[in-house]
Amino acid sequence: MFVLLSIFMTLPVILLAGSVSPNATAFAESAGIVLAAGLLGMLFTYRKPRDLKPRYMFVLTVSSWLIISLIASLPFYLSHQGISLADAVFEGTSGITTTGATVLTGLDTMDQDLLLWRSILQWIGGIGIIGMFVAVLPFLRVGGMRLFATESSEWTDKALPRMKTLSRGLLVVYVVFSVVAVLTYWLSGMSLFDAFNHGLTSIATGGYSTSDLSMGKFNSDLILLEASLFMMIGGMPFFLFVREMHGQHGVIWRDQQVRLFITILLLVPFFLTLYRWYVATGDFDPLHGYIATLFNVTSVVTTTGYASEDYAAWGPLAFVTFFFLMFVGGCSGSTSGGMKIFRFQLSLIILREQLMRLLHPRAVLTRNYNGRAVSDEIISSMIAYTFIFLICLLVITVALASMQLDFVTSLTGALTSLTNVGPGLGDIIGPAGNFQSLPDGAKWILSLGMLMGRLEILSVIIVLSPAFWRG
């Protein structure tokens, strides 16, 4: 893993061959450090037996993402930009978790190698998240993810060939969509450099941009529509694309998650556009208004973090709507963060079951989701996830408020870190701002929140609990 990451660290310099790479030394030093660590790790673990029990997998998963986040910050910290350690770790963690929150300003004139590294980080994080969903989280039974377990989720000798086949399919689909996104943006008027960066971060639903104005820089409805499409693709289950590729046609549109996901992304912008038209005090172009609203709603729901304008200034209803959309997230098996569509659907199933039991106490009811039985274990796991999510939201909000941050910044900062959305709301960390002005303590707390959100929170809580280590 470290060896592969060290190779990726050389890409910004290689891709800029023939032009200036101001931080080539920083990338070379970072790659050298990571490569040395990787080779030492391989030397000390060579031919040692792998214990693939859940306890080991919890530690491996959490420690891997933590170490990679720290490693990802090296090029930022060693660059000539004078980026502090807290800022470097925040930027690296935001990148690898595909959160998209940033502490960097002046992106339009920033060194291109650093901009490339941000985009590459999010692209790596995107495929890592998909792989974790398929192979790790169902195995660990975290947050109701067992509902999506397949034969590829079992760590046995019998299942390994299937896991390898699925992994290759996921990688092919991910790379193909990324290439298509880059070419589409390029043909639509972006420079090749901008197209490459935004192509990677759109499919990864990461949201890092090459401009402080984000997608607003390009002033193009066509690009906003294209970006909306690629973010939607990034927010859908990638294993379903693999099944489509293997001849199971129509499986995507039969999935309950996907149907609700698409419905939300089409209806919410429609009603918000009507609201914006109603409260507009000047001329309002309904077509441009719908495209801009569709783009920004899709960006928040898929936890990408792009913005074309300051949607927090669209009025009170829009402000409240975007706040609640930050909870939603994409589909399980996607690159998106958030609470995930399936958990809201399971909650509705539980609500319906309870109502039916009140009306018919002796009724025998069954729970099914996407044609699969929903066990009590899955329901309990989902409820535990929801409860600990709200507790973490409360704790982080209070911690940020204790640093003299206002309520909106504290609450939406905590929320955007746990859901990996990117921007929060308000004047400081909203779509028109960034996280640069926050105190270093807040940045460390939010970095931890981003990691917890990406690892479905419970994975981190379990590893930090004394009972885990006593066992």
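This report walks through the salt bridges, nonpolar cores, surface patch and cysteines of a predicted model.

## Before you start

Residue numbers start from 1 along each chain as its sequence is written, and side-chain values use heavy atoms, with hydrogens and water left out. Since this is a predicted model, local features need pLDDT of at least 70 and side-chain atom pairs count only at pLDDT 80 or more, while totals for chains, interfaces and linings use all residues.

## Salt bridges across the chain

Searching the whole structure turns up 10 salt bridges. The term covers a side-chain nitrogen of Lys or Arg within 4 Å of a carboxyl oxygen of Asp or Glu. Let's begin with Asp-87 and Lys-443, whose closest N and O atoms sit 2.6 Å apart. Asp-87 belongs to helix H5 (residues 85-96) and Lys-443 to helix H18 (residues 440-454), so this pair ties together parts that are 356 residues apart in sequence. Helices here are DSSP runs (H or I, at least four residues), just as strands are (E, at least two), numbered from the N terminus. Both Asp-87 and Lys-443 are buried. Buried means under 20% relative accessible area, exposed means over 50%, and partly exposed is in between (1.4 Å probe, protein chains only).

Next up is Lys-340 with Glu-456, where the closest N and O atoms are 3.4 Å apart. This pair also links distant parts of the chain, 116 residues apart: Lys-340 is in the loop between helix H14 (316-328) and helix H15 (341-359), and Glu-456 is in the loop between H18 and helix H19 (458-464). Lys-340 and Glu-456 are both buried.

Arg-357 is partly exposed at 32% relative accessible area, whereas Glu-353 is buried at 7%. The two are also part of a salt-bridge network with Arg-367 and Asp-376.

## The nonpolar cores

Now for the inside. A nonpolar core is a set of buried Ala, Val, Leu, Ile, Met, Phe, Trp, Tyr and Cys residues joined through side-chain atoms within 4.5 Å. The largest one has 123 residues, and Trp-117, Met-215 and Phe-238 have the most contacts inside it. Helix H6 (residues 112-135) gives the most to this core, with 12 residues. Another core, of 9 residues, lies apart from it, with Ile-349, Tyr-369, Ile-378 and Ile-379 among them.

Leaving out residues up to four places away in sequence, Phe-238 touches several others, including Ile-130, Leu-170, Phe-177 and Gly-333. Contact means heavy atoms within 4.5 Å. Helix H6 also holds Ser-119, which is buried at 2% relative accessibility. Beyond its neighbours within four places in sequence, Ser-119 is in contact with Asn-197, Leu-200 and Thr-201.

Leu-171, Val-175, Val-179, Leu-183, Trp-186 and Leu-192 make a nonpolar surface patch of about 520 Å². Patches take residues with over 30% relative accessible area and no salt bridge, joining like charges within 9 Å and nonpolar side chains (Val, Leu, Ile, Met, Phe, Trp, Tyr) within 5 Å. Areas come from the Shrake-Rupley method with a 1.4 Å probe, and for residues only the protein chains shown count as cover.

Helix H8 (residues 160-187) supplies the largest share of the patch, 5 residues. Val-179 lies in that helix and is partly exposed, at 44% relative accessibility.

## Cysteines

The disulfide count is 0, taking a disulfide as a pair of cysteine sulfur atoms within 2.5 Å. Cys-331 is buried at 0% relative accessible area, and Cys-392 is buried at 9%.
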